[in-house]
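Have the model open while you read, and follow the points in order.

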Amino acid sequence: MPLQKDLQPKNNSAASFFPVSANSANNKYDWDTVVGFFIKALHNLELEKSIKNLDDFKLLCKTRLTNKLDGEPFWHIIEKMYFDNHQILNIAPEMQALKVLNPESSNTGDERLTTLLVNLMGSMQLNKPPSVHLNFLEKEIKAVFDSPQVTRVSKKTPKQHMPYLPYLSELFQKDLHFLVSHPEHFLQNIKSFLKLYGFLYTAQLSLNIKGWAKEPSVKDCYFILDSEKASKERTKLQLHGHKQVIEATYALFPYLALNESLQDTKDVVLPFWQLFTELTAADIDALNNYAANFHEDRKLIEKLQPASSISDALTILAKLFTEQFKKGSTRETAFNNFVKATRETLIRPFEQGRKRAGSYLVLNQDYLLLLTNITIGKRDKIRLHELLKEFQSRGVFFDKSSEVCLVELFERMGNVERMSDSGDAVYVRKTI
């Protein structure tokens, strides 16, 4: 039975499907640390507790290499090449795990954000890392990293919830598979890749969250390129762009907190839309009682009428959960903390103010190339209109003006082939 046996009002939490907290002190995030945690999960790695920092790892490397390189004089060169500038982390993708040698020093926000990304990854794990081209020194350092003194296979099985956005989770896994098959490109882009999907998840979750009566689907979300001019006359950008996403995020906390409150979080928590399909008429009384208790506990003023269907019961509860955060309420600060941190951490890298034209969702050239490469994937090239459809399936839409700028940019970069003047005969190639 999906519902908790004894539904009672409790503290609001969105933790099962979103990383942001209502407590501002817990909303500190470092994307480099998130990369380290994510790499550990991807490769199913645990770092030995005796290795507390990079100096401990460096000492193991020094011992191994000085025994093979005629003593210590050569070590100083190696130290300068790999350790002084942290190039040690870039020898192989899995060595990015060394960024979190001391998990106790990380923020809880980093771990929550990693959990979101790991849930997108599903059951995907790399038991055998892709091969990388290494010189003699790098092979020796990598051998130290792979030794039982440093790493071991993790025996922990992280608790995973069913994906709230199944279609996006599938694309994340597909794109990640492609990215890890190109280790050098992976190293250069893994942080940007995680930031990009962090935004796409946030935007699409926000745009789908009120539609819990059916499974989520991709929603229009329009961007511009950072190299083009913005204009208030571009209707799609105004109706389905930045403003739409920001306004939609206001529903995240109430709806996710409601979903969480209805289920036992010790078990696998269902997405709200799936919970709805699992509930039956036998649950209506429990939901009505919960609504009455919640209404009294939060001292809400909206009149309460008993529901006669599951849909009506959840609609009433959604209104109550939203009302508890209204302006002037005791929970307004918690709500504002959640909204602010969501924007600062997950949306800000993709928003840009264009003075009198307003704010827009923007893709710079680096993110555009990353998106282009992962969507083309294993193919050498695809038609432009197919590429745009691939973008849209991930939640990135462009209007006609942006499409023109996009082709011009690709032509300057030299990764466009025109078979004729027809738009259908324009092909776009990967840049890797």
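1. What is the strand order in the open sheet of 3 strands with antiparallel pairing? The order is β6-β8-β7. Before going further, a word on the ground rules: this is a predicted model, where local features need pLDDT of at least 70, side-chain atom pairs count only at pLDDT 80 or more, and totals for chains, interfaces and linings use all residues. Residues are numbered from 1 along each chain as its sequence is written, and side-chain values use heavy atoms, with hydrogens and water left out.

2. Staying with that sheet, β6 (381-383) and β7 (416-418) are its edge strands, each pairing on one side only. From one strand to the next, the twist averages 25°. Helices and strands here are DSSP runs, numbered from the N terminus (helices are H or I with at least four residues, strands E with at least two). Two strands pair if DSSP finds at least two bridges between them. β6 and β8 (residues 426-429) have 3 bridges in the antiparallel sense, and R383 sits opposite Y427 of β8.

3. α16 (residues 384-393) lies across β6 and β8, at about 95° to β6. α17 (residues 400-413) lies across β7 and β8, at about 105° to β7. For these angles, axes are lines fitted to C-alpha atoms, for helices over the stretch in contact, and the angle between N-to-C directions runs from 0 to 180 degrees. Contact means heavy atoms within 4.5 Å.

4. There is also an open sheet of 3 strands with mixed pairing, in the order β3-β5-β4. Because β3 (224-225) and β4 (351-353) stand at the edges with a single partner strand each, one side of each has no neighbour in the sheet. Helix α9 (residues 242-249) packs on this sheet and touches β4 and β5, its direction making about 105° with that of β5. β3 pairs with β5 (residues 359-363) in the parallel sense over 2 bridges, and I224 is opposite V362 in β5.

5. On to charges. The whole structure has 23 salt bridges, each being a side-chain nitrogen of Lys or Arg within 4 Å of a carboxyl oxygen of Asp or Glu. One of them joins K99 to D32, with the closest N and O atoms 3.6 Å apart. That pair links distant parts of the chain, 67 residues apart: K99 is in the loop between α3 (75-83) and α4 (108-121), and D32 is in helix α1 (residues 31-42). K99 has 28% relative accessibility, so it counts as partly exposed; D32, at 32%, is partly exposed too. The cut-offs are under 20% relative accessible area for buried, over 50% for exposed, and partly exposed in between (1.4 Å probe, protein chains only).

6. E140 and R64 meet in a salt bridge as well, at 2.6 Å from N to O. Is E140 buried or exposed? At 10% relative accessibility, E140 counts as buried, whereas R64 is partly exposed at 31%.

7. Two further items on salt bridges. E411 and R418 form one at 2.7 Å, N to O; E411 is partly exposed at 38%, and so is R418 at 43%. D175, R379, E390 and R394 are linked in a network of salt bridges.

8. Have a look at E233, in the loop between β3 and α8 (235-239). Its relative accessible area is 67%, so E233 is exposed. Its side chain has a polar contact of 2.7 Å with that of S231 (a polar contact is a pair of N or O atoms within 3.5 Å; within protein, one must be able to donate a hydrogen and the other to accept it, and residues adjacent in sequence count only if both atoms are side-chain atoms). The C-alpha atoms of E233 and A357 are 9.2 Å apart, though 124 residues separate them along the chain.

9. Last, helix α13 (residues 310-323). Its 14 residues should span 20 Å at 1.5 Å a residue, and the end C-alpha atoms are 20 Å apart, which agrees. The expected span is 1.5 Å times one less than the number of residues. Buried residues in α13 include I310, L314, L317 and F321, and E323 is among them too. Their cover includes α10 (252-261), α11 (272-278) and α12 (284-297).
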